[in-house]
Amino acid sequence: MKRLLELEVHEIQDGTVEIKSVAREAGARSKIAVYSANSDVDCVGACVGPKGTRVQAIVNELRGEKIDIIEYSDEPEKFIAAALSPARVLSVEVDPEGAKSCRVTVPDAQLSLAIGNKGQNARLAAKLTGWKPGDPDTGRKPGEGKKPSEMSYSELAAFLAENPDAKLE
C-alpha cells in the first residue's frame, strides 16, 4: 500500500507528505494516516488528487478495495476520532495511566457506522492508531458481563473485533 501511494503521490516522493500509519484488510478496506509538516499542504487532498484521480488509480490497482485517507495528529483524541471516519465522534477519553486504551462516544445513529461491517471500521481504526477500544476505568475486558444493548460503543466495537461472527439481537 505504501509503495503504491509513493508511486502515485508526488508529495510523498519528495517528502512533503509522510505516511504515518497504514491498516489494511486486503481486498476489503484500508485506512491510511498521512501528515505534512508544511501547514500550506493539504496532506489528505494531495493523496486523493484532483477529482480523486490519485486515490482512484490505487483503488483500481487493488481491484476496488476501499481506501480511507485521514490526517494524522499527535493528539490521540483527534487521531482516534479521525480514524473512526466516516462516523462522527462526539468524544474520546484516553486512559490517563497510559495503557493505550480509550473510550469513544458516538451518537446512537452513528454507532453501526463507527463499528462497521462485522467490526471492520473499529478494527482498522484500532490497528491504525495503536489504541484499543475499551474502558480505561476497569481492568475487565470490554463488554464483559453485559448484553450487547448495555455496551458502550467502544465495548461493542472491541467485542465485535474479537468475535467477528457474533450475531447480535
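This is a predicted model: local features need pLDDT of at least 70, side-chain atom pairs count only at pLDDT 80 or more; totals for chains, interfaces and linings use all residues.
Visitor: Where is serine 73 found?

Guide: Serine 73 is in the loop that runs between β3 (66–71) and α5 (76–83).

Visitor: Why is serine 73 called buried?

Guide: Buried means under 20% relative accessible area. Serine 73 has 16% relative accessibility, so serine 73 counts as buried.

Visitor: Which residues does serine 73 touch, not counting those up to four places away in sequence?

Guide: They are Lys78 and Phe79. The contact rule asks for heavy atoms within 4.5 Å.

Visitor: What makes the pair of serine 73 and glutamate 75 a polar contact?

Guide: A polar atom of the serine 73 side chain lies 3.1 Å from the backbone nitrogen of glutamate 75. The cut-off is 3.5 Å for a pair of N or O atoms, one able to donate a hydrogen and the other to accept it. The distance of 3.1 Å therefore falls within the cut-off.

Visitor: Turning to helix α4 (residues 53–61), which of its residues are buried?

Guide: Arg54, Val55, Ile58 and Val59 are buried in α4.

Visitor: How do you know that they are on the same side of α4?

Guide: Their arc around the axis is only 135 degrees, and therefore they sit on the same side of α4. The face turned away from that buried side carries Asn60 and Glu61, which are exposed.

Visitor: What do the buried residues of α4 pack against?

Guide: Their partners are α1 (2–8), α2 (10–13), α3 (43–48) and β3. Just after α4 comes arginine 63, with a positive phi of about 55 degrees.

Visitor: How many cavities of 30 Å³ or more are there?

Guide: The count is one. The largest cavity holds about 90 Å³ of space.

Visitor: What makes a space a cavity and not a pocket?

Guide: In a cavity a 1.4 Å probe fits but cannot get out, whereas a pocket is open.

Visitor: Which residues lie nearest the centre of the largest cavity?

Guide: Of the 12 lining residues, Ile80, Leu84, Ala125, Ala126 and Pro133 lie nearest the centre. At least two lining residues come from each of β5 (101–105), α7 (120–129) and α8 (153–162). With four residues, α7 gives the most.

Visitor: By class, what does the lining of the largest cavity have?

Guide: The lining has 11 nonpolar residues, one polar residue and no charged residues.

Conventions. Residues are numbered from 1 along each chain as its sequence is written. Side-chain values use heavy atoms; hydrogens and water are left out. Buried means under 20% relative accessible area, exposed over 50%, partly exposed in between (1.4 Å probe, protein chains only). The arc is that of the directions from the helix axis to the C-beta atoms. On a 1 Å grid over the protein atoms alone, a cavity is a set of points where a 1.4 Å probe fits but cannot get out, and a pocket is an open set with protein on both sides within 12 Å along at least five of seven lines; lining residues have an atom within 4 Å of a point. Grid points are joined across faces, edges and corners, and a volume is the space filled by probe spheres set on the points. Ala, Val, Leu, Ile, Met, Phe, Trp, Tyr, Cys and Pro count as nonpolar, Asp, Glu, Lys and Arg as charged, and the others, Gly among them, as polar.
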